[in-house]
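Good morning, colleagues. Please have the structure open before you as I speak.

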Amino acid sequence: FSEELISESTDDFSCVNNDLEAKITHILYHLKDSKRDIKGILSCESGELFLSVIKTYLEQLFNGFITKDSLEGIPKEYVVNHMAGSFVETIKWWIENDMAQSPEELTRYFFTVIP
């Protein structure tokens with residue numbers, strides 16, 4: 001989970017702004033590039049630990065992008081937990097559906113339902 005977006009084997013993020021959608025798309029490219037390994041991890045007893053590590057990282061990521069001004073009386077911790085949990089479920093759904101959608105398309109799905 002790099003702080004900087006860099007060129008990947010399947011996509012070049014080195015010239016993209018480090019906004020939240022770009023970071024999410026970057027994560028999805030990493031997962032897609034490791035599709036076989038990720039499926040193996042999720043199918044064994046280490047799967048829940050792996051998803052827990054991802055969720056913790058996502059909580060830190062989302063926490064850095066969410067401002068208290070945008071929460072309208074909802075605790076920031078709740079919003080961060082909700083977004084991270086939803087994204088972990090999105091990843092699981094995507095993998096179960098053989099990663100049929102592109103990372104950009106899945107990012108669009110996520111940010112459409114999690115404004």
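Let us begin with Met 99, which sits in the loop between helix 4 and helix 5. Please bear in mind that we are looking at a predicted model. Met 99 is not a glycine, yet its phi is positive, at about 50 degrees. Most residues other than glycine have a negative phi. Is Met 99 buried or exposed? Its relative accessibility is 3%, and the limit for a buried residue is under 20%, so Met 99 counts as buried.

Asp 98 belongs to the loop that connects helix 4, residues 76–96, with helix 5, residues 103–113. The phi of Asp 98 is also positive, near 60 degrees, and this residue too is not a glycine. As for accessibility, Asp 98 counts as partly exposed because its value is 41%.

I turn now to the largest pocket, whose volume is about 210 Å³. Which element gives the most to its lining? That is helix 4, with 4 residues. Helix 4 and helix 5 each provide at least two of the lining residues. Among the residues that line this pocket are Leu 20, Phe 65, Ile 66, Tyr 78, His 82, Met 83, Phe 111 and Pro 115.

What is the make-up of this lining by class? There are 11 nonpolar residues and 1 polar residue, with no charged residues.

Key. Residues are numbered from 1 along each chain as its sequence is written. This is a predicted model: local features need pLDDT of at least 70, side-chain atom pairs count only at pLDDT 80 or more; totals for chains, interfaces and linings use all residues. Side-chain values use heavy atoms; hydrogens and water are left out. Buried means under 20% relative accessible area, exposed over 50%, partly exposed in between (1.4 Å probe, protein chains only). On a 1 Å grid over the protein atoms alone, a cavity is a set of points where a 1.4 Å probe fits but cannot get out, and a pocket is an open set with protein on both sides within 12 Å along at least five of seven lines; lining residues have an atom within 4 Å of a point. Grid points are joined across faces, edges and corners, and a volume is the space filled by probe spheres set on the points. Ala, Val, Leu, Ile, Met, Phe, Trp, Tyr, Cys and Pro count as nonpolar, Asp, Glu, Lys and Arg as charged, and the others, Gly among them, as polar.
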